[in-house]
Amino acid sequence: MGDNKRKRGRKSKTPTSASETLDLPSTPASTAAAAATPSPMDDVFSVATVDLIDTTASPHQRRRRGRPRKSPHQPERPGRRQSSRPPVDANGAIEAPPAAEAMEEDPLWENVVPGRGVPAMDSVVKVFCVHTEPNFSLPWQRKRQYSSSSSGFVIGGKRLLTNAHSVEHYTQVKVKKRGSDTKYLAKVLAIGTECDIAMLSVDDDEFWQGMTPVEFGNLPSLQDAVTVVGYPIGGDTISVTSGVVSRIEILSYVHGSTELLGLQIDAAINSGNSGGPAFNDKGNCVGIAFQSLKHEDAENIGYVIPTPVINHFIQDYEKNGRYTGFPILGVEWQKMENPDLRMAMGMRTDQKGVRIRRVDPTAPESKVLKASDVILSFDGVDIANDGTVKVLRNSEVLNFDIKLDSHRRLIPAHTKGRPPSYYIIAGFVFTTVSVPYLRSEYGKDYEYEAPVKLLDKLLHSMPQSPDEQLVVVSQVLVADINIGYEEIVNTQVLAFNGKPVKNLKSLANMVDSCNDEFLKFNLDYDQIVVLRTKTAKAATLDILSTHCIPSAMSEDLKS
């Protein structure tokens, strides 16, 4: 999934692959909105629900289907119909059946194979969320609200875990225990967009009665048995599917547009399973179900967030009181497979590594690493947390201790729940470009439909400062003041009155404080917009009133 990257150029008639997050809105009117949420990157999908049955139990431990079990003392004879009358003794009294032959009442999970752990199924809850998405094309308003359901489970400290896309842009979150008809209000403690994990809590003490937190296990191995528990579509009760771990590698997390460690399993993971735990054969939680592979040639390929990623999220919250993210090295690198390239870089025949193509100017490592450095090792052999890096520069081996930081893009992949920023002057709507904005403007195929210059910046541009943004004229609200500029759409703003535009807030400050006779905007494609300052500012209020816009700028620009 991480290797199936979409290529630029002519759109393929048949998609190669698609990884889908697993929540499905429950209101029919929200079908269009649900195409982007809870997982804004892809479409939702649906498959049939699988009822639970422990197929690993022995025949004597599973409830039999069909006809009742025959007593060994009364075998059914060929050609003779078994009497329905109870047996009697010599005195005519009815005999009691032997204790061992009483009707079997084997529960599905209470009777398990000896040595197999029992998953804490009562700790798995159903999560109900009402979402209200921002409208990135009309940033002063929000879209129509819709509902979705997913799964979650209890951890220590009276907290619950679910998926981030299950509660994205939440207005209200409620949870329901197994076998209960009571929904309890929940509050969201943290949302980890990159790792697609969210942490919840419930204030009502009644909810926690009888709830036991799950125990986390270690990272499983290939072919280890896993059991996914949750509340998928197709029914209201809890559902269990089982399978094995078929792959362990770095995966593409659809919701967060990141690549982290993940597990691929062959258990059925359906819409609504999102946020549900995956247990090993000892009853310990080894991951969280979060997405599946939707492809015409693929069946039963599901993905699970493993415990190392979960532990990082929990420890991050406990250490900082909030979610701060996953750090990265912040470099783009080139393979060193060609022997002539290795020789030109000054590498010995016994050395292996990768060449640094570019270093993120906003990353801490930009102070020590340079382009054409060759990274030989990261903490000796394996990736570690201390950031010790060995670098080959001009045939000399150097060692650096680097503090890693979270990654930042010029065009961010998500807004982490924040509403979009905007600024309006004389009918010109200025905003910043993000992946949700591109999807709002050009649909799910924005990678083919959006302007080439914006796509080039999305794929290749790096911010030169931490607060740099890509500011565009989103649209022009037609008025007498802006005659002739009506067709300007999604065009980058490069400068204002000769000064470069660094971000949207700096543009708003420059325009509001401008005392020059004219407002002059330099746009991409060598376009310019010139407006008389006094008339432009005077016309803004009437334009806002005409379009029922409450303010000329978003709240984040007012502070």
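Between which two strands does the loop holding Thr132 lie? The views below start there. This is a predicted model, in which local features need pLDDT of at least 70 and side-chain atom pairs count only at pLDDT 80 or more, while totals for chains, interfaces and linings use all residues. Residues are numbered from 1 along each chain as its sequence is written, and side-chain values use heavy atoms, leaving out hydrogens and water.

**View 1. Thr132 in its loop.** Thr132 sits between β3 (124–131) and β4 (146–155); strands here are DSSP runs (E, at least two residues) and helices are runs of H or I, at least four residues, numbered from the N terminus. With a relative accessible area of 14%, Thr132 is buried (under 20%; exposed is over 50%, partly exposed in between; 1.4 Å probe, protein chains only). Leaving aside residues up to four places away in sequence, Thr132 touches Arg142, Lys143, Gln145, His169 and Thr171 (contact: heavy atoms within 4.5 Å).

View 2. The disulfide count is 0, where a disulfide is a pair of cysteine sulfur atoms within 2.5 Å.

**View 3. Helix α8, residues 533–546.** Look for the buried residues Thr533, Ala536, Ala539, Thr540, Ile543 and Leu544. Their cover includes β22 (422–425), β27 (518–523) and β28 (527–532). Just after α8, you will find Cys548 with a positive phi of about 55 degrees.

Notes. Expected span 1.5 Å × (residues − 1).
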